[in-house]
Amino acid sequence: MKTSFPKQDIKVLLLEGVSRTAVETFQRAGYTQIEYHAKSLPEEELKARIADAHIVGIRSRTHLTADVLDHAKRLIAVGCYCIGTNQVQLDAAAKLGIPVFNAPYSNTRSVAELVIAETIMLLRGIPQKNALCHRGGWTKSATGSFEARDKVLGIVGYGHIGTQVGVLAESFGMRVIFHDIETKLSLGNARAATSLEDLLERSDIVTLHVPETPATKWMIGHNEIAKMRKGALLINASRGTVVDIDALADALRSEHIGGAAIDVFPAEPKGNDDPFVSPLVGVDNVILTPHIGGSTLEAQDNIGIEVASKLVRYSDNGSTLSAVNFPEVTLPEHPHSSRLLHIHRNVPGVLSRINELFSAGNMNIDAQFLQTNPDVGYVVIDVSADEQQAAALKEKLSAIPGTLRTRLLY
Ligand SMILES: NC(=O)C1=CN([C@@H]2O[C@H](COP(=O)(O)OP(=O)(O)OC[C@H]3O[C@@H](n4cnc5c(N)ncnc54)[C@H](O)[C@@H]3O)[C@@H](O)[C@H]2O)C=CC1
Ligand SMILES: O=C(O)CCC(=O)C(=O)O
């Protein structure tokens, strides 16, 4: 479709080695200016590169703070090529009229499979046996080795990943309990624990699948670990801030915790060449992985397509379906109209000013779509107007008090 701002002039900045399927998706849609970086960028370089980007794609390492976003004067949308969006200051983006998209499902199976593998490895004491073999030792013994069958797996956060972990665990005979702040439908024979404390007290293995929120920050600390059974195992592939890592290190040293698998850390290296520092380094009964729970080729390829498609759709058509910080609008095409987007602070009077503008100009509105959230209003107006009229309307829309951003799509 012909757009009023040529697609060839839209600059797409892709960071952190997102899958090449993202690049292909943009190219197929007619976007040619794609700057691709295999790593995240240091903050000053990020600010410089983002200054003239219209679309930016990141993974979990790039922090788009209010300060960074302030440098992104042309930015129309952000794509997180992952599930977590805590690395973006979502409210700041919304206040600038920038929707943020993510991929809420594509890597969930990969995380669930890793957690299941780690469950078995930890139950068999493989990390410490493996470490000893590498040092020329030999511990052929059943002591401290257990089958997964009949063990209690406690899942904290019974969402997309937690439920899949539960279903897979039950398939080889584990008993599954879960804790969530929402009421959740139990899959299979899984049962809700009465509280987090109840789950910690009853589980042989605890696995964490919550998002990073103020409520999950340091959710598992000294007190919670003390409630876990002696020798219980802990898996964290959610966010590094969910577990107090020093408390975990203490519990591993005292052997209150029998082993752990940790994929996410309170501070993670910016890139593969940076050093990894953690109190868990060198602790044999801990599986340490570099935040790769969702890093399989299948997941990354699917994420590349999913997020790039959402960004293309927003850029070409204005649809914000599944944006995480923005009113969601799904839009049909009206190729014979001109399409104007108006993003504004959600304050009284803006919509009536918009409508006055169209009625004063005697313009025929073919369709109008409005969606709001407490902070932001998003109106899409399809109008029978020629190019000049549409450009003039855009100028007038921009002058309405409370306007955050306007775009003329076509
Ligand atoms: N290690 C990795 O590579 C990856 C890590 N993740 C992390 O895993 C997290 C979970 O992913 P999904 O299952 O897809 O998310 P989800 O949103 O489907 O599920 C999260 C669940 O946690 C629950 N929850 C939220 N706050 C809670 C609290 N305070 N206590 C108990 N439950 C709470 C929610 O109600 C929801 O059911 C993501 O937010 C992300 O941070 C996701 C993908 C890859
Ligand atoms: O693959 C990544 O960069 C991050 C994966 C992750 O943690 C997520 O999807 O939330």
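How many residues of domain 1 are in contact with how many residues of domain 2? A few notes on that and other points follow.

1. This is a predicted model, in which local features need pLDDT of at least 70, side-chain atom pairs count only at pLDDT 80 or more, and totals for chains, interfaces and linings use all residues. Residues are numbered from 1 along each chain as its sequence is written, while chains are lettered from A and ligands numbered from 1 in the order in which they are written.

2. To the opening question: 7 residues of domain 1 are in contact with 6 of domain 2 (contact: C-beta atoms, placed from the backbone, within 7 Å). On the domain 1 side, these are 1 nonpolar, 4 polar and 2 charged residues (Ala, Val, Leu, Ile, Met, Phe, Trp, Tyr, Cys and Pro are nonpolar; Asp, Glu, Lys and Arg charged; the others, Gly among them, polar). Domain 1 covers 8-102 + 296-326 and domain 2 covers 109-288, with bounds from an automatic or database domain assignment.

3. Have a look at the open antiparallel sheet, whose 4 strands follow the order 14-15-13-16 (strands are DSSP runs of E, at least two residues, and helices of H or I, at least four, numbered from the N terminus; strands pair with at least two DSSP bridges between them). Strand 14 (365-372) and strand 16 (403-408) are at the edges with a single partner strand each, so one side of each lacks a neighbour in the sheet.

4. Strand 13 (residues 338-345) and strand 15 (residues 376-383) are joined by 8 bridges, and Leu 340 sits opposite Ile 381 of strand 15.

Technical notes:
Contact = placed C-beta atoms within 7 Å.
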